[in-house]
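Here is a short note to read beside the model. The points follow in order; please keep the structure open as you go.

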Amino acid sequence: MSNSLPSPHRAHEALRNAGRRGTSIVFAVMITVLLVALIFAANENDIIGWILVVIAGGWLLLATVVVTAFSRSAKKFGQAVDSARADVAAQRGPRSGGTAVVDEDTHTRNLKLDHSFKIVQVQARVIKQELAKGQEADTEMVDRALETLEITAHNGRDMLAEHVGRKKKNRDQNDDGNGETIKGDVVR
C-alpha cells in the first residue's frame, strides 16, 4: 500500500463529490421544510402557514440561484487556472528541460542511430590502428571496416529519410542498397 498523495485529478474529484453531497443534503432539508410548511399551511389554512410556505420557497429559490452561480463561477475559475498552468508550462518547458513526450518509434530510431554512430567510431578506430602499422597493415580489415562504415551510413540515412524529406535511393542512384537495409559483418 502506498503512502503517496492522491493525484490532483483524484483530489479534485473527491472535493467535487463532497461539495455535491453537501449541496444535496442542504437542498433535501430545504425541500423538506417547504413540504412541511405546505402541509401545515394546507391543514391549518392559516395566513401564517402560507407566509412560511412563501418564505421557505424563497429560500429554496435563493439557494438554487446561489448554487448555480457558484458552480458556473467555479467552472470558469477552473478553466482560467488550467489555462494559466498550460501557459506557464509552455514557457518553462524549453528552458527547464521539462518532460517531453516521445513516441516509441522516435525512441527506437534514436537508439538505432546511437548504435550506428558507435559502429562508426569503432570502425574509425580499426582503420586508424591498421594504418598506423604502415606496411604491415591488414588491407582486408581496412576494406571491411570501410564497407561497414558505408553500410552503417546507408542504414542511418534510410532511417532518417522520411523525416528529412528524402526518398530512399536505389543502388543505381548513387546511394547504397536497393531501398532496403544493407547487411554485412561488423569488424571490431
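1. **Trp50.** Start with Trp50, which is partly exposed, with a relative accessible area of 38%. Trp50 is found in helix α2, a helix that covers residues 47-96. Note that this is a predicted model. Look across from Trp50 to Ala37. The two are 13 residues apart along the chain, and their C-alpha atoms are separated by 7.6 Å.

2. **Overall fold.** How many helices and strands does the protein have? There are four helices and zero strands. Read from the N terminus, the order of elements is α-α-α-α. Helix α1 spans residues 8-44, and helix α2 takes residues 47-96. Helix α3 covers residues 104-132. Helix α4 runs over residues 139-164.

3. **Burial.** The protein has 188 residues, and buried ones make up 19% of them.

4. **The main core.** Ala37 returns here, as a member of the largest nonpolar core. That core has nine residues: Phe27, Met30, Leu34, Ala37, Ala41, Val53, Ala56, Leu60 and Ala63. As a rule, nonpolar side chains in soluble globular proteins tend to be buried together.

5. Is Trp59 buried or exposed? Trp59 counts as exposed because its relative accessible area is 52%, and the cut-off for exposed is over 50%.

6. **Positive patch.** Arg20, Arg72, Lys75 and Lys76 gather on the surface as a patch of positive charge. Helix α2 gives the most to this patch, with three residues. Arg20 lies in helix α1.

7. **Negative patch.** Which residues form the negative surface patch? They are Asp138, Glu140, Asp143, Glu147, Glu150 and Asp185. Take Glu140 as an example. Glu140 sits in helix α4. This residue is exposed, with a relative accessible area of 54%.

8. **Salt bridge.** The structure holds one salt bridge. The side chains of Glu130 and Lys133 meet in it, at 3.0 Å from N to O. Lys133 is partly exposed, at 45% relative accessible area.

9. **Val120 and Ala145.** Val120 lies in helix α3. With a relative accessible area of 32%, Val120 is partly exposed. How far apart are Val120 and Ala145 in sequence and in space? The pair is separated by 25 residues in sequence, and the distance in space is 8.9 Å, C-alpha to C-alpha.

10. **Views to check.** For the first, show Phe27 and Leu60, two of the residues in the largest nonpolar core. For the third, show the side chains of Glu130 and Lys133, which meet in the salt bridge.

Key. Residues are numbered from 1 along each chain as its sequence is written. This is a predicted model: local features need pLDDT of at least 70, side-chain atom pairs count only at pLDDT 80 or more; totals for chains, interfaces and linings use all residues. Side-chain values use heavy atoms; hydrogens and water are left out. Patches are made of residues with over 30% relative accessible area and no salt bridge: like charges are joined within 9 Å, nonpolar side chains (Val, Leu, Ile, Met, Phe, Trp, Tyr) within 5 Å. Accessible areas come from the Shrake-Rupley method with a 1.4 Å probe; for residues, only the protein chains shown count as cover. A salt bridge is a side-chain nitrogen of Lys or Arg within 4 Å of a carboxyl oxygen of Asp or Glu. Lys and Arg count as positive and Asp and Glu as negative; His and the chain ends are not counted. The place of a charge is taken as NZ of Lys, CZ of Arg, CG of Asp or CD of Glu. Helices (H or I, at least four residues) and strands (E, at least two) are DSSP runs, numbered from the N terminus. A nonpolar core is a set of buried Ala, Val, Leu, Ile, Met, Phe, Trp, Tyr and Cys residues joined through side-chain atoms within 4.5 Å. Buried means under 20% relative accessible area, exposed over 50%, partly exposed in between (1.4 Å probe, protein chains only).
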